[in-house]
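Hi everyone, thanks for coming.

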Amino acid sequence: MLQQTPVSRVLEPWRAWLARWPTPAALAADPPGEAVRMWGRLGYPRRALRLHAAAVAIVERHDGEVPSDHDELLALPGVGSYTAAAVSAFAFGGGEVVLDTNVRRVLARAISGVEFPANTPTAAERRLAAELWPAEDAARWSAAVMELGALICTAARPKCGDCPIRDRCAWYAAGRPTHDGPPRRGQTYAGTDRQVRGRLLEVLRDAEDPVPAARLDLVWDDPVQRTRALESLLADGLVVRRGRAYTLP
DNA sequence: GAGACGTGGCC
DNA sequence: TGGCCAAGTCT
């Protein structure tokens with residue numbers, strides 16, 4: 001849930017989720033569409049599908065217990081480098097560096113002296129972090145640096161006045177130079193297929209029964225884009241066709 | 001490796 | 001007000 005989503009927005013859905021499905025086996029026993037429905041408006045609903053698939057894999061491959069091994073975690077659907085490291089470190093005391101967006105930004109500033117890290121983690125970044133991280137208490141360090149990035153060393157308007165490592169920060173020492181080079185992201189949304197997918201899925205989440213195609217036609221005027229979005233949802237397995245109607249899987 | 005992929009809060 | 005961005009992953 002925390003992948004690309006702020007902690008504050010995850011908290012309540014997370015509680016409700018665990019109240020309904022306290023174990024991987026409980027989640028795996030329900031249809032994947034129920035996971036998508038329960039996901040609500042958290043965004044990136046493929047994460048819900050993958051979380052369900054991960055629960056199924058945990059039941060099938062790990063006897064219902066979340067594996068503690070980093071590589072076994074990494075093999076689960078929806079679990080990438082960050083999540084494998086985070087679960088390993090925070091749940092099982094593993095020593096991996098949790099290189100999330102906060103840690104990356106803190107290292108970029110404090111060590112490299114630049115405002116922002118590259119768009120995606122580089123090998124050099126991983127090497128740097130690995131050299132810096134202590135052998136003992138690695139999880140504690142990761143949590144601490146993540147918090148520093150999330151609360152103080154924020155992307156916009158960092159609170160350098162409150163920063164405990166300001167005196168050792170290369171970026172601060174350099175006068176907080178602004179980012180140069182290519183744009184950092186490009187996350188346009190309005191008018192994209194993503195927006196259309198969101199509209200379509202919203203209707204299906206809120207419906208108990210399969211939704212006739214005619215009702216889905218109302219969510220977006222352009223039939224070409226609407227059809228493309230629906231087809232992509234079908235391809236993703238987020239939606240299934242039932243005759244002339246559509247429903248969650 | 002670039003691009004696709006949701007949603008909402010903040011200033 | 002609209003652009004930025006949030007505990008990334010997959011193709």
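Let's begin with Glu231 and Arg241, which form a salt bridge whose closest N and O atoms are 3.7 Å apart. Keep in mind that this is a predicted model. Where do Glu231 and Arg241 lie? Glu231 belongs to helix 13, residues 223-236, while Arg241 is in strand 2, so their pairing ties together parts that are ten residues apart in sequence. Are these two side chains buried, exposed or something in between? Glu231 is partly exposed, at a relative accessible area of 40%, and Arg241 is partly exposed too, at 44%.

There is also a network to point out: Arg20, Asp30, Glu34 and Arg37 are joined into one by salt bridges that share partners. If you are new to this, the general idea is simple: side chains of opposite charge can pair when their charged atoms come close.

How many salt bridges does the structure hold? The count is twelve. One that I'd like you to find is between the side chains of Arg104 and Glu125, with N to O at 2.6 Å. This pair links distant parts of the chain, since Arg104 sits in helix 7 and Glu125 in helix 8 (residues 123-132), 21 residues apart. Arg104 counts as buried, with 7% relative accessibility, and Glu125 is buried as well, at 13%.

Now compare that with Asp217 and Arg226, whose side chains meet in a salt bridge at 3.3 Å, N to O. Here Asp217 is partly exposed, with a relative accessible area of 37%, whereas Arg226 is buried, with 13%.

Next, an arginine with another story. Arg109 is found in helix 7, which covers residues 101-112. Arg109 is buried, yet it has no salt bridge. Which side chain of opposite charge is nearest to Arg109? That would be Glu115, 4.6 Å away. What the side chain of Arg109 does reach is the backbone oxygen of Cys153, at 3.5 Å. Setting aside neighbours within four places in sequence, the contacts of Arg109 include Phe116, Thr154, Pro158 and Trp171.

Strand 1 is joined by two bridges to strand 3, residues 245-247, and the two run antiparallel.

Finally, let's zoom out to the whole chain. Chain A has 13 helices and three strands, and it is divided into domain 1 (7-92), domain 2 (101-174) and domain 3 (193-247). How far apart are the C-alpha centres of domain 2 and domain 3? They lie 42 Å apart. The C-alpha trace of chain A spans about 65 × 45 × 30 Å along its principal axes. Of the 249 residues in chain A, 37% are buried. And among contacts between residues at least 6 apart in sequence, 53% join residues at least 24 apart.

That's my tour, and I'm happy to take your questions.

Definitions and conventions
Residues are numbered from 1 along each chain as its sequence is written. Chains are lettered from A and ligands numbered from 1 in the order in which they are written. This is a predicted model: local features need pLDDT of at least 70, side-chain atom pairs count only at pLDDT 80 or more; totals for chains, interfaces and linings use all residues. Side-chain values use heavy atoms; hydrogens and water are left out. Two strands pair if DSSP finds at least two bridges between them. Helices (H or I, at least four residues) and strands (E, at least two) are DSSP runs, numbered from the N terminus. Domain bounds come from an automatic or database domain assignment. Buried means under 20% relative accessible area, exposed over 50%, partly exposed in between (1.4 Å probe, protein chains only). Lys and Arg count as positive and Asp and Glu as negative; His and the chain ends are not counted. A salt bridge is a side-chain nitrogen of Lys or Arg within 4 Å of a carboxyl oxygen of Asp or Glu. A polar contact is a pair of N or O atoms within 3.5 Å; within protein, one must be able to donate a hydrogen and the other to accept it, and residues adjacent in sequence count only if both atoms are side-chain atoms. Contact means heavy atoms within 4.5 Å.
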